[in-house]
Every structure is written in structure tokens, then in C-alpha cells.
Amino acid sequence: MNKNVTIHYPQDEMNTVLLPVTTGCSYNKCSFCSMYKDEKYSEVPLRDIEMILLHGYKYTEKVFLTGADPMAIGFHKMKAILDLIAKHLPYCARVASYAAIKSIAKYSMEELSILHNAGLRLLYIGFETGRDDILELMNKGHTVEDAIQQGKKLNRAKLPFNTIIMYGIAGEGQARDNAIATAEMINQFETNKVITMNLIVFAGTKLKTMVENHTFTQASRNERLIEIQTLLETLDPEKEMEFDTTHPTNIIRIKGKLPKERQRLIRQLIN
Ligand code: SF4
């Protein structure tokens, strides 16, 4: 899951209880990420999670599971956590979590459906890009085909998810091509929302070394705007979907529904 130096939980989740499930990142190899570089991966024991819930506000309505990729803990522990939330926070209507494509791949459609019925109502997934060469360059650990398959599986399990992508990730001269490939990937499944982030080169990352070695050249601001515009022009959801560039890393803040507000969003972008 892509996060940056400061943890920015999704803005929709600001009024929710944050429940720690993992620390560090079970993968920790993405070229652009420095978030958990010096932190060892571990899972919060169930007894600790229950203690937090026991001392929680009984009337809590939303819980966000924290950690780079809480779905990495596997089906049985995730189900146990959802059951504990239902037991101690009986008014909780929605549990949301970050998730990585490679973790979702470990769950069957039936397991995802069981988790949905047990209260898991929204995942935030780092798809990043629809180009295999860029996924490989950024060492994301999944392919475009993996991403499409997992997106479709979540659709079959009726487990909603938001799609996080990153413009600028393909570097200089690649904006249009990356946007088209990414939009075409997203057009293969149903997602509640596309959340954009802007590539930032952080100290201590492999990407920083690539920039210093001139093996990666960053896209200009103008190219990044073209990338957002191309995404808006190419995304073609069957079901209404939100497009949201309000995460703090973004160079411009726009938000609206696709396809009906496509023209308004493009006007806002180019004006
Ligand atoms: S999965 Fe990748 S982007 Fe997400 S926290 Fe781990 S290393 Fe960073």
C-alpha cells in the first residue's frame, strides 16, 4: 500500500477509530516507499486488539484497520478481528482497511465474501499503475493481470474497494501512455473510487538512487496534469465512480463522479 513519510489516512476515515493490526510492512520492497524502511514487520496479537476494543467507545460506527497491509494477516485472524469488533463495538457499521494485491490473492472469493458479511466493508488498494514495466521498475510485487483478477474477484465477493493510483510513476515522457494503461486496467472492474497520489521521491528509497543515477527522470508538473486529464478522458466506468485527487501529495485538488462530471473535472483541471 502506498503511503508516504507522514501517515495520511484516507480523508473519509478521519472520524473513525484507528485499530492497529500490523506494524511495519510485510513486503517493504517498493522502490518509491520509505514508510517502513526501518521498522520490523509484526502482527498485533489478538489479545492486544481485544484490549483496545474493550476500552473503546461502545457507540463507534466506523473502524479503520491500520498497518501497511492488514490483509496480510490471513483469513482466520482477519475474521477473528472482525468478530471481536462486532462483539465489543456493536454499533460499528463499517470496517475499512488498506490491502495489497498480493495479499488479496491469498483469499478465496468465498473467504472475501465471509469477511464482507462479518463487517469488512471497504478496502483501499494500491494499484499504482496499469503498466507491467513500471510495476516491475517500482518492484510492486504484482502484475497488471494480477491486479485485474483480484479486482474482479472482489467484485464477485461484493466487497467494495477504492483504487489508489500514482501519477508521475512512469517518469518523463510517459504521462499519456501510463494514464491510458492505468485507466484501461481500472475499466476492467468496478471500484467505488479512484484516489490519485502524486509520485514523490523520498530520501533513502531505491527510486532516489535511480534519480541520482539518471536511470529515472521525473515527469514535469505539466506532464502530471496531462496524466490526470488523460485518466479523466479514458476512465469509462459502467457504474458511477468517484474520482478524487484530494490526497495531500496531489498537485491539484479535484473531486467528482465519473462519468457524469467528467467535463466539469476536466474544466477545473485545465483552468
Ligand atoms: S507495500 Fe510497498 S508501498 Fe505499501 S508500505 Fe509496503 S513497501 Fe510501502
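The crossing of helix 7 and helix 9 is right-handed, a crossing being right-handed if the near helix is turned clockwise from the far one by less than a right angle, and left-handed if anticlockwise. The two axes come within 8 Å and cross at roughly 30°. That makes helix 7 roughly parallel to helix 9. This is a predicted model, in which local features need pLDDT of at least 70 and side-chain atom pairs count only at pLDDT 80 or more, while totals for chains, interfaces and linings use all residues. Residues are numbered from 1 along each chain as its sequence is written.

- Helices (H or I, at least four residues) and strands (E, at least two) are DSSP runs, numbered from the N terminus.
- Axes are lines fitted to C-alpha atoms, for helices over the stretch in contact, and angles run from 0 to 180 degrees between N-to-C directions.
- Angles under 35 degrees count as roughly parallel, over 145 as roughly antiparallel, 65 to 115 as roughly perpendicular and the rest as oblique.
- The crossing of helix 7 and helix 9 is right-handed, and the contact is made on the helix 7 side by Ala-175, Arg-176, Asn-178, Ala-179, Ile-180, Thr-182, Ala-183 and Glu-184. Helix 9 contributes Glu-223, Arg-224, Ile-226, Glu-227, Thr-230, Leu-231 and Thr-234 to that contact.
- Two residues are in contact if their C-beta atoms, placed from the backbone, lie within 7 Å.

**A closer look at helix 9**

- Helix 9 covers residues 221-234, and its 14 residues should span 20 Å at 1.5 Å a residue; the end C-alpha atoms are 20 Å apart, which agrees. The expected span is 1.5 Å times one less than the number of residues.
- Arg-224, Glu-227, Ile-228, Leu-231 and Leu-232 are the buried residues of helix 9. Seen down the helix axis, the buried residues fall within an arc of 135°, so they line one face of helix 9. The arc is that of the directions from the helix axis to the C-beta atoms.
- An α-helix has 3.6 residues a turn, so residues three or four places apart point the same way.
- A residue is buried if 20 or more other C-beta atoms lie within 10 Å of its own, exposed if 12 or fewer, and partly exposed in between, with C-beta atoms placed from the backbone.
- The cover over the buried residues of helix 9 includes strand 7 (161-167), helix 7 (175-186), strand 8 (193-198), strand 9 (241-244) and helix 10 (262-270).

**Helix 2 against helix 4**

- Helix 2 (residues 75-88) and helix 4 (residues 109-117) pack at an angle of about 10°, with their axes 10 Å apart. Helix 2 and helix 4 are therefore roughly parallel to each other.
- Their crossing is left-handed. Phe-75, Met-78, Lys-79 and Leu-82 of helix 2 make the contact with Glu-111, Ile-114 and Leu-115 of helix 4.
- Leu-115 of helix 4 is buried, with 23 other C-beta atoms within 10 Å.
- The C-alpha atoms of Leu-115 and Lys-79 are separated by 6.1 Å, although the two are 36 residues apart along the chain.
- Leaving aside neighbours within four places in sequence, Leu-115 is in contact with Met-78, Lys-79, Leu-82, Leu-120 and Leu-159.

**Two other buried residues**

- Ile-134 lies in helix 5 (residues 132-137) and is buried, with 21 other C-beta atoms within 10 Å. Not counting residues up to four places away in sequence, Ile-134 touches Thr-129, Ile-169, Ala-170 and Asn-178.
- Leu-19 is found in strand 1 (residues 17-20) and is buried, with 23 other C-beta atoms within 10 Å. Beyond residues up to four places away in sequence, Leu-19 touches Ile-49, Ile-52, Val-63, Phe-64, Leu-65 and Thr-66.

**Backbone points to check by eye**

- Leu-258 and Pro-259 are joined by a cis peptide bond, with omega about 5°. Pro-259 lies in the loop between strand 10 (255-258) and helix 10.
- Glu-128 is not a glycine, yet has a positive phi of about 70°. Glu-128 sits in strand 6 (residues 120-128) and is buried, with 28 other C-beta atoms within 10 Å.
- Lys-158 also has a positive phi, about 60°, although it is not a glycine. Lys-158 is in the loop between helix 6 (144-156) and strand 7 and is exposed, with 12 other C-beta atoms within 10 Å.
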